[in-house]
Amino acid sequence: MRTPTTRTARTLLAAALLLGVTAGPAALSPAFAATAPAVAAAAPDLSAVLAGLPIADATAALVRIGGTEGAWAGSTGVRDLESGAAADPAGRFRAGSVTKVFTAATVLQLAAEGRIDLDRTARSYLPELIPGRYATVTVRQLLNHTHGIPAADLPGETVEEWYAHRFDVHDPEDLVRSATAKPREFRPGTRQHYLNIGYTIAGLVVERVTGDSFEHQVERRILRPLGLRDTYLPGREAEIRGSYNHGYQLMRLDDGTTGLRDASVWRATDGWAAGDLVSTTADLERFTRALFAGRVVRGPLLEEMFTLPRVADFSTGAPAAYAAGLSMKRLGGREVWGKTGGRWGYNTAIASTRHGERTLVYSVNATDAKGQDMNRTALEIMLATYGLPSE
């Protein structure tokens with residue numbers, strides 16, 4: 001999860017209070033009031049945080065808090081800007097890099113079955129695809145982002161150019177060839193650089209060892225056993241199935257002005273095993289509770305998801321923050337593990353304290369999704385749930 005320093009958090013929260021003066025009255029929208037039941041007093045109440053949507057940075061938000069400390073659920077904002085209809089609290093959304101948690105869990109299940117060895121090289125599974133310069137990269141290093149493989153090349157450098165390419169189809173093997181044709185960023189296992197490419201390769205390893213599609217393996221191993229009926233991997237589908245709250249992205253429009261475009265219909269083949277999941281807050285809450293309770297990945301291999309590599313971040317030099325699938329940040333004086341995700345128009349997160357005392361799932365229809373800074377509404381939800389960052 002990407003969370004700011006304490007000073008940054010306080011600054012952003014102060015700015016949010018100032019901006020809130022122009023964001024509308026601090027009152028519950030009809031949609032929010034209808035889906036925020038009275039629940040255990042120990043759980044945080046995010047009514048004030050979510051009041052007033054849509055605002056500049058978000059058109060809707062869906063939140064579920066659970067765990068042994070109490071439960072709370074709410075939704076606010078609009079389903080789409082054209083109709084102004086209330087946001088659907090059960091609507092599907094693009095979960096972005098939360099997909100990585102499902103991918104890591106699938107790989108770890110296969111490791112438990114002896115079909116994947118985390119210390120074996122990716123090249124030994126995909127010899128025709130992984131070149132010699134990456135011969136020592138292991139499956140574990142794919143999962144914890146210490147592999148040193150750079151990002152694949154994708155068309156476009158701006159959100160407007162990416163929007164123009166939103167229906168492009170990207171083959172995962174082509175993405176791997178693009179990435180591995182470049183020099184390595186660092187010697188494998190010596191640094192950490194969070195990128196999608198490791199999970200793209202991991203998805204291909206799943207297909208190679210099972211002789212099955214990655215999508216079917218996730219469905220068979222995770223979605224069906226947990227009853228996640230509203231969660232799926234879309235493949236080449238561009239539109240979200242069923243009911244969903246539209247995601248809008250701020251960008252330059254055809255007339256030269258800056259405004260919002262509907263980014264809901266967009267192929268996610270560039271993300272694939274790293275970022276194409278579609279889900280709901282109810283499904284992701286069920287998944288999070290099962291994962292942290294040891295019902296998805298069982299036994300010692302679950303600890304891979306809670307073990308940070310002892311290396312420094314490639315860009316900042318800070319200690320590594322990503323394990324296999326999950327990342328960790330100290331919030332409110334305790335460890336919070338989880339994963340955020342972003343697709344155009346959507347920000348998502350799952351999070352929990354280590355033993356499930358407090359879980360959080362949110363989907364924010366963010367107009368600045370995939371930006372350099374964390375969306376303000378998403379930040380407020382995270383900090384209101386767990387507290388300010390701490391060392």
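**View 1. The hairpin of strand 11 and strand 12.** In this hairpin of the predicted model, five residues lie between strand 11 and strand 12, and Gly356 takes a positive phi near 80°. The two strands run antiparallel and pair over six bridges. Strand 12 covers residues 359–366. One of its residues, Ser363, is the bridge partner of Thr348.

**View 2. The hairpin of strand 10 and strand 11.** Here two residues lie between the strands. Gly345 has a positive phi near 90°. Strand 10 spans residues 334–343 and is antiparallel to strand 11, with eight bridges joining them. Val336 stands opposite Thr353 of strand 11.

**View 3. Strand 11 and its two faces.** Strand 11 holds residues 346–353, and eight of the eight are buried, so the rest of the structure largely encloses this strand. Which residues cover each side? Tyr346, Thr348, Ile350 and Ser352 are buried on one side. Asn347, Ala349, Ala351 and Thr353 are buried on the other.

**View 4. The largest nonpolar core.** Nonpolar side chains tend to be buried together in soluble globular proteins. The largest nonpolar core of this model has 69 residues. Phe102, Ile201, Phe287 and Met305 have the most contacts inside it. Helix 4, residues 99–112, gives the largest share of this core, with eight residues.

**View 5. Around Phe287.** Leaving out residues up to four places away in sequence, Phe287 touches Val101, Phe102, Ile222, Leu226, Leu228, Val296 and Ile350. Ile350 belongs to one buried side of strand 11.

**View 6. A second core.** This core is separate and has 26 residues. Among them are Leu50, Ala61, Ile65 and Ala351. Ala351 lies on the side of strand 11 that also holds Asn347, Ala349 and Thr353.

How values were computed: Residues numbered from 1 in each chain as written. Predicted model: local features only at pLDDT ≥ 70, side-chain atom pairs only at ≥ 80, totals over all residues. Heavy atoms only, no water. Buried < 20%, exposed > 50% of the residue type's maximum accessible area, 1.4 Å probe, protein only. Helix = DSSP H or I, 4+ residues; strand = E, 2+ residues; numbered from the N terminus. Pairing = 2+ DSSP bridges. Core = buried A, V, L, I, M, F, W, Y, C linked by side-chain atoms within 4.5 Å. Contact = heavy atoms within 4.5 Å.
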